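Here is a short briefing on one structure. It covers strand pairing and then DNA contacts.

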There are 2 protein chains.
Amino acid sequence: MTIKDVARAAGVAPSTVSYVLSGSRKISAETGDAVRAAIAELGYHPNAGARSLRSTRTNVIALSLPLPSRGYLPVGGRFMYGLSEAAREHGHDLLLITAGDGGSGLERVARSRLADAAVLMGVEMEDPRIDAMRGLGLPVALLGRPADEAAAPWADLDWAAAAALAVRTLHDSGHRRIRYLATVEADIRTRRSYSVRGIDGARRAAAGLGVSAPVHPSSPDPAELARRIDALLAAPDPPTGLAVQHPAAIPGILRHLSRRGLEVPRDVSLIAIGNFPEDLGGLDTTRIELPVPEMSAAVTRLAVAAASRSDSEAPDPGSGILIPPRLTRGGTLAPPR
Amino acid sequence: MTIKDVARAAGVAPSTVSYVLSGSRKISAETGDAVRAAIAELGYHPNAGARSLRSTRTNVIALSLPLPSRGYLPVGGRFMYGLSEAAREHGHDLLLITAGDGGSGLERVARSRLADAAVLMGVEMEDPRIDAMRGLGLPVALLGRPADEAAAPWADLDWAAAAALAVRTLHDSGHRRIRYLATVEADIRTRRSYSVRGIDGARRAAAGLGVSAPVHPSSPDPAELARRIDALLAAPDPPTGLAVQHPAAIPGILRHLSRRGLEVPRDVSLIAIGNFPEDLGGLDTTRIELPVPEMSAAVTRLAVAAASRSDSEAPDPGSGILIPPRLTRGGTLAPPR
DNA sequence: CTGAAAGCGCTTACAG
DNA sequence: CTGAAAGCGCTTACAG
């Protein structure tokens, strides 16, 4: 089942079938209809290998996944769905590249021309993958905002604004003893963008409000996290408001507070940053949700644009798309007693 | 950067480079070394499109994802990681196919020869994708055990045995009023394999033990699920033991029981089936975990085998790999009062 | 408005 | 033990 079969069935030349498919040439209505009818009847789909060999376009986007940090995994799954559907809307498929093969995966994809562009997930402030791909001719789009915002096109939730919104909302509600529970240490250490920017946003917001909001890293180990919360509560000025950027930890934190006899929001208020309602299992939490569909659509658009730019050798405008945070009211926020 | 460049650098013919790469011909040590040195120095990777056009092998495995049911999503992410890494170990990459484009995605992949084989996730007892792919020449391997076990190679946790193990463990512990909280209704209605087999295993085990263990569907809505649990507890013979096959619901269930003043395991025992320790957020639950790495490795092996079989036109042995359940002891099981 | 032909980068019989 | 050549199924200048 090749383009020749379609051409024979429609009574035209193979090249005419190709032109009907690509739309890059004016075709008479009758010819076009005959070709389309033959394609539909035979169920013809162009051979992907032949097409990519000839045209140097694969219609595939590679997704470079970070090493699965324990806190990040459930989020990764949503993005894979979101990105895959967004890619389809642009006529592309999504190829998964795990960091498991030592970062060489992306280079392999670039050199063997398996994809037209790559979306990088788990972006670090200074992400080595950006420079690595520059020389290899694989355009990238970042799901995360790097330190050098002109290094590559990127899309991200405005984590700094999200953290600031959480701190400001607690402050507006009357809280003065606020703590910022950041992402897990591993993410801070590797300078994951959402991690660094969240902390930064929280600190700036606190400074702007003239309030103190010390930052504490979270832990993937619930028992260890519980110990840290105990330490906070045992301090001379225990917090009345918590902003938490570690989504997976929310249920455990609420359980621990309740075990300690603290009622939320009567004794402690809490705002969750960057999570999904589903992951909260019915907990009615005041929160800033992670806008996965918007982020997926935005970064995919950038990746597709970068891929076609690489055809025309046009310079990379280095655009960034910042998605503003939105607060969802829930039952974990109240004025301090 | 093509095979010709490597050939020139090594002072041999392009075909010789190809033979060194494939290992399908005896090559002298010197020639082989020269070629390998040139490949390493130039950073050569064969063009994927050219290779697949010529050899009809893509070294890509397609992953057909089910529609993201709310209960299943976090699990999907783990499998994507697990399958991607397993595929790499066999020299393959993983291409994501979402059900979003109406099931046509797999057919498109088959007809355009984008992949050598497909792994089907979210398998139903009578899964239409199996027959659909048979005529299209895309070999499949199922991540789930279908009703017709000879229809295609498959790998799965033994959900029937898992459910039976949970019921039996409760029974051994002294429980006689047991309830089986199955998967969400949508999964039962579409006859997802894990759902049907779990229910079946629970019923058989209960019958074998001469105990009654009525089955109740779970709900993706925590409030609705809470109402159903209330109904169970308000019945004349309230349960002392619950087996729950809806992983995402465990934290919510435990919270609801505690809100009702019931202590676990003093008043009610609970065994969770098919979840991840990470998703429990530190809850020390007696459970049967989902063996994602084993399942991923097994189904990938089957997919790769099916792909090479399709080259040699050998018949499909229709093998099935059943992974036995393992109980992890936790703090939610005790004899009834 | 349409067709014949070249060629993308590989693999693999054919030949020596 | 190695090479020259054909051809996989497309796309796209070239030609009319």
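In this predicted model, strand β4(A) runs parallel to strand β5 (residues 154-157) of chain A, and two bridges join them. Pairing here requires at least two DSSP bridges between the strands. Helices (H or I, at least four residues) and strands (E, at least two) are DSSP runs, numbered from the N terminus.

**Strands around β4(A)**
- A:Leu142 stands opposite A:Trp154 in β5(A).
- β4(A) also pairs with strand β3 (residues 117-120) of chain A, in the parallel sense over three bridges.
- A:Leu120 stands opposite A:Leu142 in that pairing.
- From β4 (residues 140-143), A:Val140 and A:Leu142 point one way, and A:Ala141 and A:Leu143 the other way.
- All four are buried (under 20% relative accessible area, 1.4 Å probe, protein chains only).

**DNA strand D**
- 24 residues surround DNA strand D, and A:Ser18, A:Tyr19, B:Thr16, B:Arg25 and B:Thr31 are the closest; near means a heavy atom within 4 Å.
- B:Ser15 places a side-chain N or O atom 3.1 Å from a base nitrogen.
- For A:Arg25, a polar side-chain atom lies 3.3 Å from a base nitrogen.
- α4(A) gives the largest share of the surface near DNA strand D, four residues.

**Conventions**
- Residues are numbered from 1 along each chain as written, while chains are lettered from A and ligands numbered from 1 in written order.
- Local features need pLDDT of at least 70, side-chain atom pairs count only at pLDDT 80 or more, and totals for chains, interfaces and linings use all residues; side-chain values use heavy atoms, without hydrogens and water.

Conventions:
Polar contact = N/O pair within 3.5 Å; in protein donor to acceptor, adjacent residues only side chain to side chain. Buried < 20%, exposed > 50% of the residue type's maximum accessible area, 1.4 Å probe, protein only.
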